[in-house]
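Take a moment with the sequence and the 3D view. Then let us walk through the fold piece by piece.

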Amino acid sequence: MKRPFTLLFFLPLLLIIMACQQRGPHFTVDGQITEAEDTMLYLEHLTLAQGAVRLDSAKLDEKGDFELHGPRPGNPEFYRLRIGNQVVNLSIDSTETVTIRASLPRMTLGYTVEGSGNCDTIRLLTLKLDSLTRTLRHVADDRSLTLDERSRQMQQMLRDYKTDVKINYIQNRYGQASSYYAMMQMLGGQMVFDPVSDPSDVTWFSALANSWEMLYPGCPRTENLCNIAVQGRKNTRQHVVQIDMDNEKVSETGIIDMGFPDAQGTERRLSQLKGKVVMLDFMAYGMQGSQERILVLRQLYNKYHSRGLEIYQVSLDADEHYWKTMSEQLPWVCVWDQEGLQNDIVSIYNLQQLPTWFLIDRTSTLAGRMEMMGNLEEEIVKLL
């Protein structure tokens with residue numbers, strides 16, 4: 001007589017276990033949204049093809065506690081919590097739990113996040129963009145300024161914002177979801193970073209595209225970045241710095257496959273030297289002491305070139321004719337960057353002084369930079 005009761009008792013438990021097994025790997029977003037009683041909270045996947053796709057939902061009570069779930073993505077993806085027009089943007093790249101706490105009136109700008117560094121960086125970027133928006137609006141409404149003055153101030157604010165985000169949130173983090181989010185921020189219905197006509201922004205899109213192509217090949221986000229970068233390069237200048245990152249091995253900023261003209265006008269690419277031990281050298285021939293340094297490099301080159309040493313020397317001199325005159329007799333690869341210190345390569349490689357050199361091993365992996373390494377000759381010998 002007890003048998004039916006036992007089956008009835010265990011049947012719901014069995015159904016729960018089976019449901020969990022069928023759901024597969026998933027992530028969880030939990031937490032608390034106060035002052036939101038009787039409202040619906042939605043977890044949505046921000047897809048490239050279909051826009052916002054609802055994954056889960058919960059009706060909040062007076063406490064506001066919630067727990068929502070979604071299938072684990074195979075690569076970094078973007079999601080949001082939404083109540084009406086109030087949203088919290090998230091990135092998820094594995095099976096994890098992200099905890100969000102907020103009150104409904106200030107949900108978009110006043111939330112806290114635990115369990116994900118990328119999600120917290122997205123929170124900071126959201127606050128920065130909101131601050132920029134309010135500042136731009138204030139300047140636009142300032143009738144004490146002329147239209148030209150307002151326009152110049154607003155353009156400068158936007159340039160300052162982009163530089164800040166590039167250096168402090170994207171540089172050295174090209175493969176992270178928060179960097180993708182930063183480059184895709186919208187302001188007034190337009191992208192903050194211009195992938196169509198701004199050569200500087202195109203450079204950074206290219207940096208992300210190359211890093212994502214290595215880390216997440218074939219995924220829709222990677223293809224999207226690559227398409228943006230390719231089109232941007234077509235629309236802007238011919239020469240754009242391209243970055244090839246190995247996040248597990250790169251110790252500073254990564255390997256940049258750059259192409260600059262030599263004295264004969266032929267583009268020489270860093271990637272053409274794969275298989276060699278390469279000294280990547282940024283310098284200006286017009287600087288004091290450069291000729292003495294050239295003599296030292298000549299001795300190293302003559303001594304180790306036959307064993308596989310190559311030098312790829314990038315001149316940042318302002319005077320092209322002077323660079324050609326000083327470099328025409330040098331035996332290694334000498335190229336000239338016509339943009340000099342204004343090129344994004346200076347920021348991407350975090351050049352703090354000239355000269356600065358990097359060593360690259362035979363697999364085109366960055367082995368180190370000047371500040372991190374000891375005697376140049378000893379370091380070269382280690383790699384040969």
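**A helix across a sheet**

H2 lies across S5 and S6, running at about 140° to S6. Some terms first. Helices (H or I, at least four residues) and strands (E, at least two) are DSSP runs, numbered from the N terminus. Contact means heavy atoms within 4.5 Å. Axes are lines fitted to C-alpha atoms, for helices over the stretch in contact, and angles run from 0 to 180 degrees between N-to-C directions.

This is a predicted model, in which local features need pLDDT of at least 70 and side-chain atom pairs count only at pLDDT 80 or more, while totals for chains, interfaces and linings use all residues. Residues are numbered from 1 along each chain as its sequence is written, and side-chain values use heavy atoms, leaving out hydrogens and water.

Strands of a sheet pair through backbone hydrogen bonds, either parallel or antiparallel. Here two strands count as paired if DSSP finds at least two bridges between them. In what order do the four strands of this open sheet run? The order is S3-S2-S5-S6, with antiparallel pairing. Strand S3 (51-59) and S6 are the edge strands, and each pairs on one side only. Neighbouring strands are turned by 25° against each other on average, direction ignored.

Follow the pairs. S5 and S6 are antiparallel and share seven bridges. Arg82 stands opposite Val87 in S6. S2 and S3 also run antiparallel, joined by eight bridges. Leu43 has Asp56 in S3 as its bridge partner. A hairpin of three residues connects S2 to S3.

Next, the other sheet. Four strands form an open sheet in the order S4-S1-S7-S8, and the pairing is mixed. Strand S4 (65-71) and strand S8 (112-114) stand at the edges with a single partner strand each, so one side of each has no neighbour in the sheet. From one strand to the next, the twist averages 20°. Strand S1 (residues 26-34) runs antiparallel to S4, and seven bridges join them. Gln32 stands opposite Asp65 in S4.

Back to H2, which has a helix partner. Two packed helices are described by the angle between their axes and the distance between the axes. The axes of H2 and helix H3 (residues 147-170) come within 10 Å and cross at roughly 170°. H2 and H3 are therefore roughly antiparallel to each other (angles under 35 degrees count as roughly parallel, over 145 as roughly antiparallel, 65 to 115 as roughly perpendicular and the rest as oblique). The residues of this contact divide into 13 nonpolar, three polar and three charged. Ala, Val, Leu, Ile, Met, Phe, Trp, Tyr, Cys and Pro count as nonpolar, Asp, Glu, Lys and Arg as charged, and the others, Gly among them, as polar.

Finally, which elements each supply at least two residues of the lining of the largest pocket? They are strand S2 (40-47), strand S5 (77-83), strand S6 (86-92), helix H2 (117-140) and helix H4 (177-183). S6 gives the largest share of the lining, four residues. By class, the lining has 14 nonpolar, six polar and two charged residues.
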